[in-house]
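Please view the sequence and the model before reading on.

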Amino acid sequence: MASAASGAALGQAPRAKGPLVWLDMDQQGLDDAYDQMVYAPNRDQVGKRRIANSDIARAIIGAPERIAYGPTEIEKLDLYRAKKSNAHGPAPVNIFIHGGAWRANKAADYAFLAEPFVKAGAHYAVLDFTNVDQAQGSLFPMVEQVCRAVAFVHANAKSFGGDPGRLYLSSHSSGSHLAGCVVTHDWRKANLPADILKGATLSSGMYDLKPVRLSKRSKYVKFTDEMEAALSAQRHIGLLHTPLIVAYGTYETPEFQRQTREFHAAVKAVGKPAELIVAEGYNHFEMLETLGNPYGLLGRAVFAQMGLAAQD
């Protein structure tokens with residue numbers, strides 16, 4: 001989708017464009033393209049729905065086990081165990097990394113995603129991790145923590161009936177930026193399998209930080225050349241050993257659409273497995289809701305990736 005000025009995004013008359021700073025966007029256009037509220041003004045409504053639905057899900061499937069995966073207080077995960085007995089041995093595990101512009105949200109707000117997975121015979125782990133404000137503007141601690149969480153689940157899966165050979169990743173928004181760093185992490189340096197994750201579904205993410213660095217997000221993320229280079233997944237596809245599904249909605253910002261298309265194209269160009277899902281009629285926040293539904297666009301895709309069947 002071509003870039004749109006913020007006025008056009010809301011159905012108003014286009015504004016006068018200033019000097020271009022990225023592709024066909026001026027500064028305000030680029031800032032708007034990394035500001036979800038400009039393209040998804042129902043953000044707060046969908047957020048309230050997510051929290052309410054998570055309360056309902058916990059009432060049905062029970063509270064999660066709260067497990068520490070690292071040394072600091074925030075480094076914990078919510079583990080929802082598979083509900084049905086698994087006659088075929090340990091169950092697969094899906095690890096979810098939430099979004100929130102690197103600044104907001106917590107694992108407890110995503111319990112609604114777990115219900116279809118645990119009913120279908122999979123464990124579901126939702127990560128908590130530090131945010132960029134707590135990390136004094138650095139994204140490195142966030143990436144380090146989510147990688148540590150994946151390594152922890154791999155090492156400890158058997159203790160809760162999980163299969164360390166069937167770990168999967170799912171993510172949304174800035175969580176998909178972090179997930180992109182996870183799937184392009186050099187796991188062999190930690191003496192772990194390069195294919196520690198057997199599949200990953202990344203929705204509505206960012207995979208190259210250059211344009212993000214040029215946007216107003218640089219007011220709270222202290223980007224450096226090192227950070228941009230090291231934490232842009234699209235620049236490290238050689239380390240990718242995980243089959244990917246990447247997705248975006250047609251009502252997302254032009255940059256979130258472009259970032260996903262170009263990441264998918266780059267992965268395909270080197271002959272690695274990747275599927276692109278384009279969700280017609282969904283904005284950024286509505287995309288996540290489809291992951292909590294086994295018949296939704298993302299839920300159906302992840303269930304197929306994990307070999308799960310929906311259960312009542």
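A residue is called buried when its relative accessible area is under 20%, exposed when over 50%, and partly exposed in between (1.4 Å probe, protein chains only). At 0% relative accessibility, Tyr124 therefore counts as buried, and Phe117 is buried as well, with a relative accessible area of 0%.

The model is predicted: local features need pLDDT of at least 70, side-chain atom pairs count only at pLDDT 80 or more, and totals for chains, interfaces and linings use all residues. Residues are numbered from 1 along each chain as its sequence is written, and side-chain values use heavy atoms, without hydrogens or water.

**Aromatic rings**

Rings of Phe, Tyr and Trp (its six-membered ring) pair if their centres lie within 6.5 Å; planes under 30 degrees apart are stacked, over 60 edge-to-face, and the rest tilted. Two tilted pairs are set out below.

| Pair | Centre to centre | Angle between planes |
|---|---|---|
| Phe96 and Tyr110 | 5.4 Å | 45° |
| Phe117 and Tyr124 | 4.7 Å | 35° |

A charge sits over a ring if NZ of Lys or CZ of Arg is within 6 Å of the ring centre and within 35 degrees of the ring normal. The charged end of Arg103 is placed in this way over Tyr220, 3.8 Å from the ring centre, and Arg217 lies over the face of Trp102 at 5.6 Å.

**Pockets**

On a 1 Å grid over the protein atoms alone, a pocket is an open set of points with protein on both sides within 12 Å along at least five of seven lines, and lining residues have an atom within 4 Å of a point. Points are joined across faces, edges and corners, and a volume is the space filled by probe spheres set on them.

The largest pocket holds about 550 Å³. It is lined by 24 residues, with Gln36, Arg43, Gly100, Ala101 and Phe285 closest to its centre. Helix α4 gives the most to this lining, with five residues.

The second largest pocket has a volume of about 300 Å³. Among its 14 lining residues, Val143, His185, Asp186, Ala230 and Leu231 are the closest to the centre. Helix α6 (residues 140–156) gives the most here, with four residues.

Note on methods:
On a 1 Å grid over the protein atoms alone, a cavity is a set of points where a 1.4 Å probe fits but cannot get out, and a pocket is an open set with protein on both sides within 12 Å along at least five of seven lines; lining residues have an atom within 4 Å of a point. Helices (H or I, at least four residues) and strands (E, at least two) are DSSP runs, numbered from the N terminus.
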